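Let's take a look at this protein together. Have the sequence and the 3D view open while you read.

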Amino acid sequence: MSQDSQHGKWTISSSDDDDEGLPPSGTATSKPHRPAVSSHSPRQSVSPPGPKLEPASAAVEVKPEPAKTPVSSLVIGSEARQSAAMNQLNPVKYETSPSLAGKRKKEASDGSGWALSDSDDDDGDVKGKSGSNVPKRALSPKTKKPKVENERPPSPHGRLYYIEEPEDFFESSVPCLNDTYRFYLNKVTGLDRKYNNGALHIRAAKHHCQVSSGFILIVHGDKREAKARLIQQAQPFPHVRFCQAKLDIAFGTHHTKMMLLWYEEGFRVIILTSNLIRADWYQKTQGMWMSPLFPRLPKGSSVSEGESPTFFKRDLLEYLASYRAPELEEWIQRIKEHDLSETRVYLVGSTPGRYVGSDMERWGHLRLRRLLYEHTEPIPGEERWPVIGQFSSIGSMGLDKTKWLAGEFQRTLTTLGKSSLRSDPPVHLLYPSVEDVRTSLEGYPAGGSLPYSIQTAQKQLWLHSYFHRWKANTTGRSHAMPHIKTYMRTSPDFTQLAWFLVTSANLSKAAWGALEKNNTQVMVRSYELGVLFVPSAFDLKTFPVHRNPFPVSSSSSGFPVPFDLPPTCYSPKDQPWIWNIPYNQAPDTHGNIWVPS
């Protein structure tokens, strides 16, 4: 069947997804059509040989190193983004000589301990190190290329992609940063140097964290075949062990991304939006909160010592305990022995389950509602203060806005202190349009990480009237498609923030939870994690918006919002990016088209 709308004519699959069939990570119950990216001339398509796995979360034990170098770490990350990886393909370029992206999987390991993020194929199919696919014929099966030591990950678009890259792009030490808020964007290749000045790459975030001894504990959400592939991939690495996150509710995902890095002097928490796959760290807009270095408490200290005014220590321990995994007990005990009192953000997590009574406010959007109720203040004229939500995936919202978005989620986002006012301010939702994706640094392959399906979209055309473009000229990232997820409340003139949240949670009931049984129970499907910034924790009334956040200055008091304010509404010609329908009328920035197969 087909349906006409202001966003064009969509061809709809005869087997529509269930309402919750597309969780926030893009993993669906039934596989979506698998797009192939083709050279615009000639128009040919290539089907991918299969999905790609990424490490989910890990505990890393290493030998002691110099000061401020992690001696061990725990990394909790998203479950394998199978559908997204399956759909994010390399542009097909038929060159006469093999490209660097044609290296085989065995040559992709860079010795960092993250070889598990490479292809899960075992049949010798050719894949790029970024996780995207290239046609098999790009490399002759008889051709053997020598292994190149210490070479940067290949670009999906060839060697020329890195020519403009600043020399310090891969710096391994943390640069001088504005640590007032400790919120940073990732580095993006291909930008003017100033827009990476003060941004972070994963190498700086991990700061020499390498696996030289001990073990890696990978906490993952994979099941059945995917789990078996993960275990098979780890066979060459005897130091790798696994812990499976419990996902007892259908369509839930393990979507949290967090690193706990232990140093000789203490430990650090990093909560971020990037998956542990190379493609997430080079061409997309991502964000992270990086804690101060937490020192060890004196021996004999009580468990309650080292708590922050935001109760971050308590909430972090509660989140880790929610896994109910004996393998994490060592890490829980370590955290108890450290002083987290300098933390000025609130932890907002989701864990799968059905909760009643006071437990309803422990997780998901009701947790956010409680924090906003307790730690923000009413603002005169707050009905004119817009709410902004920005995300990279969308679940089913229901047949109209009253089913969840306005009837439940919007009430959370509009909470300001203990005011009895139930205001109905403007709501702006930022999600890339087709044109945003087409003209991005990656071109159409960027859409593989924006898994909004036609099956979901055609049920909620009403939602698209809320949509705004992805524009980020102030941070230089208009053409770096967002994998970051942020929510905030701004002043009518967009110069002040009432609060700001960076999180792994996309716009979905699976991520945020949904009320059930006449609002006496909340059901959450997925693991998510983010941090909430409220002005009172920084001795402020509101956060001033930083209009020019790059290059980063240590003296700035403005908050670095990742995109332009005010947001830009979709025009009548704009369409939201839908990842499983074709786009073959206009080529992208690399001369390719998008053809689901």
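## Who touches Lys485?

Leaving out neighbours within four places in sequence, Lys485 is in contact with His255, Thr273, Gln390, Phe391, Ser392, Leu501, Val502, Thr503, Ser504, Ala505 and Asn506. Keep in mind that this is a predicted model.

You'll find Lys485 in strand 18, which covers residues 485-490. Is Lys485 buried or exposed? Its relative accessible area is 0%, so Lys485 is buried. Its side chain also makes a polar contact, at 3.2 Å, with the side chain of Ser392.

## Lys257, in a loop

Now hop over to Lys257, in the loop that runs between strand 8 (240-244) and strand 9 (258-262). Lys257 has a relative accessibility of 1%, so it counts as buried. Not counting residues up to four places away in sequence, its contacts include Ile76, Gly77, Ser78, Thr273, His483 and Ser504.

## What the record says

## A side of helix 5

One more stop: helix 5, residues 329-336, where Trp331, Ile332, Arg334 and Ile335 are buried. These residues cover an arc of only 160° around the axis, so they sit on the same side of helix 5.

Note on methods. Residues numbered from 1 in each chain as written. Predicted model: local features only at pLDDT ≥ 70, side-chain atom pairs only at ≥ 80, totals over all residues. Heavy atoms only, no water. Buried < 20%, exposed > 50% of the residue type's maximum accessible area, 1.4 Å probe, protein only. Helix = DSSP H or I, 4+ residues; strand = E, 2+ residues; numbered from the N terminus. Arc of directions from axis to C-beta. Contact = heavy atoms within 4.5 Å. Polar contact = N/O pair within 3.5 Å; in protein donor to acceptor, adjacent residues only side chain to side chain.
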